[in-house]
Amino acid sequence: MTDGTDPMRRLVYYVATTLDGFIASPDRTDPSGADFFAMTPDLLEHIVQHFPETLPAAARQALGVDGAAVVFDTVVEGRRSYQVGLDAGVADAYPHLRHVVFSRSMKTSPDSAVELVDSDPVEFVARLKEEPGMDIWLVGGGALAAALLPQIDRLVLKLNPSVIGSGVPLFDGPFAPNLFRPVEEVSLAGGVRVVTYDRR
């Protein structure tokens, strides 16, 4: 969340990734149940403590998580990322957040609370960051992350001790160097390292 000296909200790419930089398998199915993204008890505890609003509503209910948001009040994602939830029968996995989906192909939102945007994501997020509120969570996918790279202020990578060889890249776009600096690293006993980088 922004502090009192900086009124701008940050766009934060908070995502699980493999050591070789993939956020999902080639078939783009839900990566949360994959063995290369194991949800260990210590990782779940870390999420509940530091990023509880990033848990889907069903998980929040099952875990009894109902407190206020800690970091984010808005989530943005691409059409393919959103489809993962739709395929599981969930039209809005994050009803506790403002939910924005970027899509030029989907003309009608499956849920009245999910906001469809077919305009330029960079311009939209730039305006969003000027609005009052907490930080904005970029959940994925890789193509949207590449498009929004100029707007990303912080990376929070749940770095898993796994290599899968191919899949959906962390950033699925053209060569576009952007520099970040490491600001925090939390090594969990289950093997995941939560690494935070801020834009230089």
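Strand 6 (135-140) is largely enclosed by the rest of the structure, because six of its six residues are buried. Buried here means under 20% relative accessible area, exposed means over 50%, and partly exposed lies in between (1.4 Å probe, protein chains only). Helices (H or I, at least four residues) and strands (E, at least two) are DSSP runs, numbered from the N terminus.

The model is predicted: local features need pLDDT of at least 70 and side-chain atom pairs count only at pLDDT 80 or more, while totals for chains, interfaces and linings use all residues. Residues are numbered from 1 along each chain as its sequence is written, and side-chain values use heavy atoms, with hydrogens and water left out.

**Strand pairing and the main core**

Two strands pair if DSSP finds at least two bridges between them.

Within strand 6, Trp137 is the bridge partner of Val12, and Gly140 stands opposite Glu77. The peptide bond from Gly140 to Gly141 is cis, with omega near 0°. Gly141 itself belongs to the loop between strand 6 and helix 5.

The largest nonpolar core has 24 residues, of which Leu11, Tyr13, Val76, Phe102, Leu138 and Ile152 touch the most other members. At least two residues of this core come from each of strand 1 (11-17), strand 2 (22-24), strand 4 (98-102), helix 4, strand 6, helix 5 (142-147) and strand 7 (152-159). Another core, of 19 residues, lies apart from it and includes Leu43, Val156, Leu188 and Val194. A nonpolar core is a set of buried Ala, Val, Leu, Ile, Met, Phe, Trp, Tyr and Cys residues joined through side-chain atoms within 4.5 Å.

**Helix faces**

In helix 4 (residues 121-130), the buried residues are Pro121, Phe124, Val125, Leu128 and Lys129. They lie on the same side of helix 4 because they cover an arc of only 135° around the axis; the arc is that of the directions from the helix axis to the C-beta atoms.

Helix 1 (41-50) buries Asp42, Leu43, His46 and Ile47. Seen down the axis, the buried residues of helix 1 fall within an arc of 140°, so they line one face of the helix. The face turned away from this buried side carries the exposed residues Pro41, Glu45 and Gln49.

**The second largest pocket**

The second largest pocket has a volume of about 270 Å³. Of its 18 lining residues, Phe51, Val71, Arg154, Glu184 and Thr196 are the closest to its centre. Helix 1, strand 7, strand 9 (180-187) and strand 10 (193-199) give two or more residues to this lining. On a 1 Å grid over the protein atoms alone, a pocket is an open set of points where a 1.4 Å probe fits, with protein on both sides within 12 Å along at least five of seven lines; lining residues have an atom within 4 Å of a point. Grid points are joined across faces, edges and corners, and the volume is the space filled by probe spheres set on the points.

**Loop residues**

Arg28 lies in the loop between strand 2 and helix 1. Although it is not a glycine, Arg28 has a positive phi of about 60°. Arg28 is partly exposed, with a relative accessible area of 32%. Pro177, in the loop between strand 8 (168-169) and strand 9, is exposed, with a relative accessible area of 63%.
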